[in-house]
Amino acid sequence: MSIVDVALHVLVTLVAPPLLLGVINKTKAAFAGRVGPPLLQAYFDLARLFRKGSVFSATTTWVFRAGPIVALVAAAFAAMIVPYGARGAALSFAGDMILFAYLFALGRFFTVAAALDTGSAFEGMGGAREATFSVLAEPALFLGMMVLVRLTGSSSLATMLGGGLGGLWARSGASLVMVVASLLVVLLVECSRIPFDDPNTHLELTMIHEVMVLDHSGPLFGAVLYGAAIKLFVLGALVVRLALPIDTGVAVYDWGLFAAGMLGLAVAIGVTESVMARLRMRQIPSLLVGACLLSAFGIVLLAR
Amino acid sequence: MSVVREGRPRFAQTRAGRVVARAAVPLLSLEELRAGVLDRVAAGARLVALFGARDARDAPCAAVELWAVLADDHEGTLELATAPVARGGSFAALTPDCPQAHLFEREIAEQWQITPIGHPWLKPVRFPRASASERESASASASATPSAPVVGVMDYYRVEGEEVHEVAVGPVHAGVIEPGHFRFQCHGEEVFHLEISLGYQHRGVERALLGGPDKRTIHYMETLAGDTSVGHASAYCHLLEALAGARVPGRALSLRAVALELERLANHTGDLGALANDVGYLPTASYCGRLRGDFLNLTATICGNRFGRGLVRPGGVGFDVEPERAADMVRRLDAAVADVESAADLMWSSASVLSRFENAGRVAEEAAFELGLVGFAARASGLYRDVRHDHPWGIYRFTKVPVSTMHSGDVFARAYLRWLEIRRSARFVREQLGALPRGGTRAANESLATLAKQSVCVSLIEGWRGEIAHVAVTDERGRFAAYKVVDPSFHNWAGLALALRDQQISDFPICNKSFDLSYCGHDL
């Protein structure tokens with residue numbers, strides 16, 4: 001991986017994520033017959049939030065302030081491990097997929113802890129929901145990874161999603177389809193999208209992720225939004241690379257293909273959100289267990 | 001049902017919109033009133049209103065008259081009776097035997113310091129501040145003035161135990177909605193009990209109406225509940241016209257009904273969109289948001305105000321509709337209804353939406369009956385209750401709107417019923433605009449000048465939420481000695497609290513929206 005690619009990787013990680021939100025919102029607006037917010041609205045929001053001051057409740061401690069920052073840093077760090085398209089990852093070593101998964105767990109732990117730190121009933125409720133659902137999302141992610149580990153014999157994301165992916169699709173396409181579907185579910189849950197959560201709702205009682213950050217304001221809230229956008233981007237990159245295992249060998253084409261894949265994914269998320277209602281909260285665990293089972297079947301298919 | 005049983009306390013028989021002389025209303029003892037109400041409710045009657053009023057025969061105002069208004073929906077009749085009770089006195093509460101009286105009795109206790117003995121949950125309703133004159137007399141008589149009650153500050157029903165927790169929502173909400181406080185007793189995600197505490201919007205409208213009618217009265221009526229301007233204004237005007245004995249031209253009655261049904265169309269459509277929004281189903285949410293505006297604009301086409309203010313006036317309506325405008329309105333109505341149809345069909349054919357609506361917030365028919373629910377909330381639980389059918393007024397005496405009912409009593413039933421009513425209201429409006437009666441739009445002004453003295457009149461209107469009841473008692477000069485407003489929300493808030501039992505707390509927003517009750521209509 002060239003130094004240019006590493007620089008690009010870091011740059012894309014820092015700059016591109018909010019654009020995905022813009023594409024999703026534009027897609028949703030198109031379905032609703034509206035013009036919708038500008039494509040770059042998420043950037044404007046971040047710029048506005050980072051200029052603002054913060055308000056802190058007297059009941060909160062340093063945990064409350066650490067929450068958004070840890071979540072942001074964890075997501076950005078995880079982004080370094082994930083290969084963007086065929087151009088590889090900025091950072092890779094044996095077993096980095098474990099670090100990848102637990103970086104998100106770390107961020108989540110601090111977000112939940114920050115929510116509990118406020119002592120608000122709402123935020124406690126949101127924290128409980130987030131913890132419950134992530135317990136089920138984590139195995140789905142790991143089982144999906146195990147399919148790749150078994151296929152490639154490597155436990156580093158850069159190799160697992162490396163050049164040989166095209167050949168793997170030819171040999172064990174069925175398993176990979178299941179992994180893609182399962183990871184897509186994980187992506188929607190982790191990034192609090194419909195049908196699991198509604199990022200635009202104002203109804204505290206139905207929120208999962210949003211309710212945990214109700215008390216954050218100003219730059220810290222900006223960090224929350226930014227971190228969430230990076231998380232969406234990173235998990236999206238994982239799914240896109242899996243679903244588009246094409247290596248052109250030319251850097252420009254590879255980057256172009258990756259960008260097209262990400263935009264396509266954002267449009268797909270937007271379409272899903274437009275044609276579906278949210279699930280009843282009680283049914284979310286069933287769907288997550290379903291995602292785990294999908295990944296598990298992927299492994300079973302390989303074991304024959 | 002109208003058979004008078006042996007020993008049954010006698011009530012005055014009347015109908016909605018008829019004037020009864022006060023002398024004809026039997027003055028019962030408190031025991032007789034209680035027995036009479038319970039007897040009739042057991043026979044299927046409904047408590048329309050139960051309220052206290054100053055006893056006009058008693059100069060120092062130490063005595064209060066309790067008024068009970070019952071409706072027999074099958075016969076289309078009303079029954080009235082009063083009983084005197086001393087201020088600061090007490091009576092045996094009806095609530096244990098007649099749950100629909102619960103909020104009325106709390107209101108009486110709050111307004112007149114009369115204790116309903118045996119009331120299971122006696123708490124303030126609206127936390128009214130004492131009037132200036134009352135404050136003065138209190139400070140003159142006692143050195144320590146009792147501090148004014150603070151809205152929402154009181155004990156709430158609590159469930160205790162391992163893992164039981166309490167969630168408090170409001171009165172300041174995340175959306176732009178009215179203030180109300182909701183206390184949930186939860187076990188994990190499951191709601192054991194919901195207590196709703198209102199009163200934040202109390203403006204003292206009923207007190208301001210005493211001594212009326214005057215020039216301000218109609219404006220109070222139009223702002224009792226902003227989304228029911230036409231409904232409350234119509235209820236008031238029908239009451240006033242009955243008391244004055246005025247004859248209102250058919251054309252005016254027809255236009256009032258058109259405005260009332262447009263109000264229903266706008267609110268039902270808006271709520272279908274809001275329900276879709278609350279489950280994150282965007283297409284229907286966005287389209288219905290716009291279509292609600294289309295119906296509001298139709299109302300504005302008649303009178304220049306989207307909520308119909310200035311349209312319904314004592315003696316008739318403030319604006320006429322010429323044939324070209326009527327034809328244009330029908331055209332626009334058809335276009336809007338066709339759009340609502342496609343937006344609603346999208347929703348009804350979406351499995352993910354139906355799975356959210358079905359079996360959520362169920363109110364059983366029996367519970368709806370006992371709580372005395374009204375309007376579409378009652379009809380969704382299988383009760384056949386519609387003032388347009390049971391106690392027809394105005395143009396509804398000649399043109400019938402079929403009553404729609406559902407049986408499951410869940411969010412889906414309340415949502416789908418809106419859709420059924422949208423279609424039927426649209427047909428009604430089309431019919432009325434196509435054949436408006438000829439003639440003027442206002443009764444002669446002098447015919448409204450004097451109201452029947454020492455009389456009482458009850459006016460019932462099926463607003464879009466349900467039954468709007470206005471009761472007026474006039475004094476010896478023909479002024480309002482008492483004016484009672486019962487918004488449908490007053491009956492139905494308890495239905496929402498009940499609907500949440502054993503539900504997921506995350507389903508509260510759709511349950512709430514499926515009822516879509518008024519805060520200011522309740523708080524007055």
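## A buried loop residue

B:Val279 sits in the loop between α7 and α8 (282–303) of chain B. This placement, like everything that follows, is read from a predicted model. B:Val279 counts as buried because 32 C-beta neighbours lie inside 10 Å, where 20 or more are required.

Which residues does B:Val279 contact, once its neighbours within four places in sequence are left aside? They come from both chains: A:Ala277 and A:Arg278 belong to chain A, while B:Val353, B:Arg356 and B:Ile510 belong to chain B. By contrast, B:Ala92 lies 187 residues from B:Val279 along the chain, and the C-alpha atoms of these two residues are separated by 45 Å.

## The helix pair α7 and α16 of chain B

Helix α7 of chain B covers residues 250–278, and helix α16 of chain B covers residues 508–515. The two helices pack with their axes 9 Å apart and at an angle of about 180°. Because angles over 145 degrees count as roughly antiparallel, α7(B) is described as roughly antiparallel to α16(B).

On the α7(B) side, the residues that meet the partner helix are B:Asp271, B:Ala274, B:Leu275 and B:Asp278. On the α16(B) side they are B:Pro509, B:Ile510, B:Lys513 and B:Ser514. Taken by type, the residues of this contact comprise 4 nonpolar, 1 polar and 3 charged. B:Ile510, one of the α16(B) residues in this contact, is also among the residues in contact with B:Val279.

## Chain B as a whole

Chain B contains 17 helices and 15 strands. Its radius of gyration is 23 Å, which agrees with the value near 24 Å that a compact globule of 524 residues would have. The C-alpha atoms of chain B fill a box of roughly 70 × 65 × 50 Å along the principal axes.

Of the 524 residues in chain B, 53% are buried. When contacts in chain B between residues at least 6 apart in sequence are considered, 71% of them join residues at least 24 apart.

## The two domains of chain B

Chain B is divided into domain 1, residues 12–124, and domain 2, residues 212–486. The C-alpha centres of domain 1 and domain 2 of chain B lie 27 Å apart. How many residues does each domain of chain B bring to the contact? Domain 1 supplies 25 residues and domain 2 supplies 26 residues.

On the side of domain 1 of chain B that touches domain 2, the elements giving two or more residues are β2 (19–21), β3 (46–54) and β5 (77–86) of chain B. β3(B) gives the most to that side, with 7 residues. The residues on this side of domain 1 of chain B divide into 16 nonpolar, 3 polar and 6 charged.

## A residue in helix α14 of chain B

B:Glu431 belongs to helix α14 of chain B, which spans residues 411–434. Is B:Glu431 buried, exposed or partly exposed? B:Glu431 has 14 other C-beta atoms within 10 Å and is therefore partly exposed. B:Glu431 and B:Thr399 stand 32 residues apart in sequence, and their C-alpha atoms are 9.3 Å apart in space.

## Chain A

The secondary structure of chain A comprises 12 helices and 0 strands. From the N terminus on, its elements accordingly run α-α-α-α-α-α-α-α-α-α-α-α. Chain A is as compact as a globular protein of its length, because its radius of gyration of 19 Å is close to the 19 Å that the globule rule gives for 304 residues.

Along the principal axes, the C-alpha atoms of chain A fill a box of roughly 55 × 40 × 40 Å. Buried residues account for 51% of the 304 residues in chain A. Among contacts in chain A between residues at least 6 apart in sequence, those joining residues at least 24 apart make up 80%.

## Where the two chains meet

In the contact between the chains, 24 residues of chain A touch 26 residues of chain B. On the side of chain A that touches chain B, α2 (17–32), α6 (121–152) and α11 (251–275) of chain A each supply at least two residues. Which of the elements of chain A gives the most to this side? It is α2(A), with 3 residues.

By type, the residues on this side of chain A divide into 11 nonpolar, 5 polar and 8 charged. From chain B, B:Val279 is in contact with A:Ala277 and A:Arg278.

Technical notes. Residues are numbered from 1 along each chain as its sequence is written. Chains are lettered from A and ligands numbered from 1 in the order in which they are written. This is a predicted model: local features need pLDDT of at least 70, side-chain atom pairs count only at pLDDT 80 or more; totals for chains, interfaces and linings use all residues. Helices (H or I, at least four residues) and strands (E, at least two) are DSSP runs, numbered from the N terminus. The radius of gyration is taken over C-alpha atoms; the globule rule is 2.2 Å times the number of residues to the power 0.38. A residue is buried if 20 or more other C-beta atoms lie within 10 Å of its own, exposed if 12 or fewer, and partly exposed in between; C-beta atoms are placed from the backbone. Two residues are in contact if their C-beta atoms, placed from the backbone, lie within 7 Å. Ala, Val, Leu, Ile, Met, Phe, Trp, Tyr, Cys and Pro count as nonpolar, Asp, Glu, Lys and Arg as charged, and the others, Gly among them, as polar. Axes are lines fitted to C-alpha atoms, for helices over the stretch in contact, and angles run from 0 to 180 degrees between N-to-C directions. Angles under 35 degrees count as roughly parallel, over 145 as roughly antiparallel, 65 to 115 as roughly perpendicular and the rest as oblique. Domain bounds come from an automatic or database domain assignment.
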